[in-house]
Amino acid sequence: MGLPRVQLPDGAKRGHPWIYASHDDNAYAGMAVGQGVEVVDAKGQTLGFGLVDPHATIAVRIYDRRAPVDAEYFRRRLVHCIDQRRPLLKITDAMRILHG
């Protein structure tokens with residue numbers, strides 16, 4: 001079963017990683033804080049994947065345009081972070097691998 005779909009409201013800025021609750025106050029009713037969603041346009045095309053907070057001003061925060069979060073998502077992102085920082089091991093013995 002796929003993620004619930006949330007349609008990007010008319011007038012929302014396409015490409016922006018936030019969707020404000022004021023665009024459609026009822027769109028997130030019944031969703032839990034942290035619920036994963038697929039964000040789609042009026043034609044049903046996927047625009048990204050995000051997390052919902054139905055009680056916040058920013059109701060949806062899009063975290064990726066291509067893939068929903070699962071264990072493989074985090075593994076792939078962490079490997080990428082480590083690979084990007086590997087050259088720094090020549091000049092330091094401490095670094096932040098992942099920013100919050």
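In the predicted model, D41 counts as buried because its relative accessibility is 12%, under the 20% cut-off that defines the buried class. This residue is located in the loop that links β3 (36-40) to β4 (46-52). A polar atom of the D41 side chain lies 2.9 Å from the backbone nitrogen of Q45. When neighbours within four places in sequence are left aside, the contacts of D41 are with Q7, R14 and L47; of these, L47 has a number that falls within the range of β4 (46-52).

The protein chain as a whole contains 1 helix and 5 strands, and their order along the sequence is β-β-β-β-β-α. The radius of gyration is 17 Å, well over the 13 Å that the globule rule gives for 100 residues, and the protein chain is therefore more spread out than a compact globule. The C-alpha trace spans about 50 × 25 × 25 Å along its principal axes.

Among contacts with a separation of 6 or more, 38% are between residues 24 or more positions apart.

Regarding charge, the protein chain carries 14 positive and 11 negative side chains. The centres of these two sets are 8 Å apart.

Key: Residues numbered from 1 in each chain as written. Predicted model: local features only at pLDDT ≥ 70, side-chain atom pairs only at ≥ 80, totals over all residues. Heavy atoms only, no water. Helix = DSSP H or I, 4+ residues; strand = E, 2+ residues; numbered from the N terminus. Rg over C-alpha atoms; globule rule 2.2 N^0.38 Å. Contact = heavy atoms within 4.5 Å. Lys, Arg positive; Asp, Glu negative; His and termini not counted. Charge placed at Lys NZ, Arg CZ, Asp CG, Glu CD. Buried < 20%, exposed > 50% of the residue type's maximum accessible area, 1.4 Å probe, protein only. Polar contact = N/O pair within 3.5 Å; in protein donor to acceptor, adjacent residues only side chain to side chain.
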